[in-house]
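Let's take a look at one protein model together, starting with its backbone and then moving on to its ligand.

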Amino acid sequence: MPTPNLQIPADLLPADGRFGSGPSKVPAGRLESLAATGASLMGTSHRQQPVKDLVQRVRTGLRELFSLPGDYEVVLGNGGSVAFFDLLTYAIVRERSQHAVFGEFGRKFAAASSAAPWLAEPAVVEAAPGGLALPAYDAGVDVYAWTHNETSTGVMAPVERPKGATADQLTVLDATSAAGGLPLDPAAADVYFFAPQKSFASDGGLWLALLSPAAIARAEEIAASGRHIPAFFDLVGAIKQSHAGQTVNTPAVATLFLMAEQLDWMNANGGLAGMVERTTASAEALYTWAEKSSYAAPFVPEPAHRSLVVGTVDLDPSIDKDVLRAVLVANGVVDLDAYRGIGTNQLRVGMYPAVDAADVAALTACIDWVVERL
Ligand SMILES: *Cc1c(COP(=O)(O)O)cnc(C)c1O
């Protein structure tokens with residue numbers, strides 16, 4: 001079906017039509033700040049004080065946002081979250097991990113552990129798409145791994161140590177899309193890792209991790225064990241470099257700058273609690289609309305599992321999601337695509353802290369307007 005030529009009335013349109021699940025909306029004015037105050041950092045050495053100060057601004061901003069316990073460390077490096085899956089297999093899993101899998105990102109993480117020949121085959125607890133799987137006590141594992149927010153399905157998980165877990169069993173959370181938009185008790189996670197292109201309104205390519213003392217001790221133990229660890233996955237090196245406001249190899253400076261600006265905004269607007277208020281308001285606007293709609297419904301059946309930051313909505317089969325999305329894109333409302341491989345007739349809405357709840361409400365009004373005319 002060709003895209004109908006439908007012009008959504010201007011007063012219905014969101015002020016900002018970017019609803020991507022990552023990379024996601026970069027607030028207005030940020031690139032101008034980069035040009036104005038970040039320009040002096042670009043094209044200069046990352047081993048000099050100005051860039052070291054920028055790295056420390058990001059580390060301090062995260063420490064404040066998450067009210068990190070004093071003995072936790074904020075560590076960063078290159079490669080993004082998927083590279084960090086591999087890093088964990090070198091630097092944190094001693095012998096065997098357990099993975100709770102309830103979507104594609106959790107599955108990739110489990111696959112990385114499974115592919116590492118120096119590790120035993122991981123234990124996997126799995127739920128069907130739209131459901132939630134949680135780690136459960138297993139005496140034979142030294143890591144419990146799960147996803148705080150499964151970006152592929154829009155399911156969020158609690159962050160709690162499995163009942164009965166011992167102090168030597170680390171909790172490792174892929175929080176790439178959760179960090180900064182979902183509540184967190186940082187003491188429940190030993191490794192809480194993420195990337196800048198979701199709630200932090202920046203660009204991809206870096207990983208950041210909050211590490212507990214037990215996680216740091218594990219990294220040191222494994223590094224001293226004689227296991228071959230490629231330099232790219234050297235977590236002990238990254239911890240040392242991060243202390244000094246450095247990374248093992250050259251970081252993307254503009255990415256760090258945009259992230260530091262977003263962290264300042266988050267901390268000035270109520271910190272994590274303030275951000276969760278924003279994502280909660282957006283999620284309410286989306287799911288309330290979907291529940292009332294005659295042709296849409298939340299994809300995740302259990303309301304408590306419905307993500308505050310990535311909302312998934314299934315449409316009646318009579319609506320062609322591709323035509324609907326094409327009309328929206330022609331009107332400047334973009335990136336509502338479901339995750340690749342999710343087979344349902346679905347829209348997916350990024351509702352990170354930078355997104356205004358009023359824009360999510362406007363989005364639902366635009367969808368109604370278009371669907372009435374298809
Ligand atoms: C986006 C995302 C990733 C991948 O992040 P990259 O930085 O692109 O490697 C991994 N896990 C989750 C949950 C994500 O949302």
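In which loop does Asp 335 lie? Asp 335 lies between helix H9 (321-330) and strand E12 (346-350); helices (H or I, at least four residues) and strands (E, at least two) are DSSP runs, numbered from the N terminus. This is a predicted model, where local features need pLDDT of at least 70 and side-chain atom pairs count only at pLDDT 80 or more, while totals for chains, interfaces and linings use all residues. Residues are numbered from 1 along each chain as its sequence is written, and side-chain values use heavy atoms, leaving out hydrogens and water.

Most residues other than glycine have a negative phi, and most peptide bonds are trans. Asp 335 has a positive phi of about 65°, and Ser 67, in the loop between helix H2 (49-65) and strand E1 (73-78), has a phi near 45°. The peptide bond from Gly 22 to Pro 23 is cis, with omega near -10°, and Pro 23 sits in the segment before helix H1 (30-38).

Now for the ligand. Helix H3 (residues 80-91) gives the largest share of the shell around the ligand, three residues. Here are some polar contacts (pairs of N or O atoms within 3.5 Å; within protein, one must be able to donate a hydrogen and the other to accept it, and residues adjacent in sequence count only if both atoms are side-chain atoms):

| Side chain | Ligand atom | Distance |
|---|---|---|
| Thr 151 | oxygen | 2.4 Å |
| Asp 174 | nitrogen | 2.7 Å |
| Thr 176 | nitrogen | 3.3 Å |

The protein covers 85% of the 390 Å² of accessible area that the ligand has on its own (Shrake-Rupley method, 1.4 Å probe; for residues, only the protein chains shown count as cover).
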